[in-house]
Amino acid sequence: MDHTLPRRHSDLMETSGQGPDRTPTVSTAATASTPEGFQTLVRSEFAPRTTYLNSASTGLLPDRAVRAMHQATLSVAHGSPEDMFADVEAARATFARLVGVAPSRVAAGASVAVYSGLIAASLPAGAEVLTAEGDFSSTVNPFHVRGDLKVRAVPLERIAESVRPDTALVAVSAVQSADGRVADLPALRAAVRAHGAKLYLDASQATGWLDVAEHIADVDYLTSVAFKWLTCPRGVAFFVVPEGPDGYEAVPSLLAGWVAGERPWDSCYGPITELARSARRFDESPSLFAYAGARHSLAVIEELGVAAIRTHDLALADRFRAGLATLGHEPVPSPGSPIVSVPGLGVRQPELSAAGIEVSDRAGNLRAAFHLYNTESDVDRLLEGLRSS
Ligand SMILES: Cc1ncc(COP(=O)(O)O)c(C=O)c1O
């Protein structure tokens, strides 16, 4: 059995097991400060073989993450496991920089629903939780499951004006999964501050293209999966809590296992004598192979720069909106979003997929998502696919 590491994931598919290089590429310099540098870095990391416009569902993995995961699995197969806990710390640190907080405020886990559940557990019985109608279930369902909270749902456009003096928490996605609508974060901030409520933001459809750091001071709790716009493998999610003991002690550490100890390797048996004095007390036992890749995926996002990614993504989404208008189709209004959702066209998804164009069918809507590895030609191919029937 040849377990050597292929150079690129395209090689992995074609010539599995070939190639001498065992070291994942780690970029040494910020190469993406110009549009040419952006494109060079993107083309060296991503080589989609379809017209892939489905990052709102799952982002593509960069080459260096694929190589690092391959290397990590081999290290276990060969009996000399790499230190993948170091990868968790590197991923935590990069995510913290991307959203503008100290790493001590970031818990590393695997799913948003788990962290929504912890926030739900922090509320007193009878507390009112305000949500947006049709929001992603992992963001809102744990508040319903508690059974003794008053959960109210209003249209996203009315959520800020619907905060009341008895609202304890607003739980909402920064960007709606179903149709890409972006929450009005300044209005929400003003409303929650005016009424003494807390704000829980699920940034799963925002991190990687929206500058979350700009809004982080207005948010009490933030979660994000990393397998979409952050181009990480599945099995990686983050939870940001407020600074200091008042921040992390306000949420019960119901999930705390050994990794949540202040000294994890001394916390393996019996009750943990001291929980981490940071958000790490909310860590889930990490999916190590996923984190082995995630640290590299997050580095790619950081090197490209969220501002440049945003400009790139939004330009493509606007090109698609303009093309749709010429075809006589009207998308759900989602200005400033890289997700464009077109009512009634979801039925075209299987036929588009057969033609090599990947989009989603969400409740009858065709949802297209434009990200860093997409080009104007991708947009035009989708428009062409929609034109021909
Ligand atoms: C807004 C949003 N939140 C959360 C998730 C994922 O939630 P979980 O980690 O519970 O699977 C998704 C997509 O899968 C999403 O679109």
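Predicted model: local features only at pLDDT ≥ 70, side-chain atom pairs only at ≥ 80, totals over all residues.
Reader: What order do the strands of the open sheet have?
Author: The order is β2-β8-β7-β6-β5-β3-β4, seven strands with mixed pairing. The edge strands, each pairing on one side only, are β2 (106-109) and β4 (150-154). From one strand to the next the twist averages 15°.

Reader: Is β6 buried or exposed?
Author: Five of the five residues of β6 are buried, so β6 is largely enclosed by the rest of the structure. On one side these are K198, Y200 and D202, and on the other L199 and L201.

Reader: And which way do β5 and β6 pair, parallel or antiparallel?
Author: Parallel, over five bridges. S173 has D202 in β6 as its bridge partner. Between β5 and β6 the chain passes through helix α7 (residues 185-195), in a right-handed β-α-β crossover.

Reader: How many bridges join β6 to β7?
Author: Three, and the two strands run parallel. Y200 stands opposite Y221 in β7.

Reader: In what sense do β7 and β8 pair?
Author: β7 (residues 221-225) and β8 (residues 237-240) are antiparallel, with four bridges. There, T223 stands opposite F239 in β8.

Reader: New topic. Which strands does helix α5 lie across?
Author: Helix α5 (residues 112-121) lies across β2, β6, β7 and β8, at about 165° to β7. Helix α6 (residues 137-145) also packs on the sheet, where α6 touches β3, β4, β5 and β6.

Reader: Which residues of α5 are buried?
Author: V112, Y115, S116, L118, I119 and A120. They pack against β2, α6, β6, β7 and β8.

Methods: Residues numbered from 1 in each chain as written. Pairing = 2+ DSSP bridges. Axes fitted to C-alpha atoms, helices over the stretch in contact; angles between N-to-C directions. Contact = placed C-beta atoms within 7 Å. Buried ≥ 20, exposed ≤ 12 C-beta atoms within 10 Å, placed from the backbone. Right-handed = clockwise from strand over helix to strand, strands pointing away.
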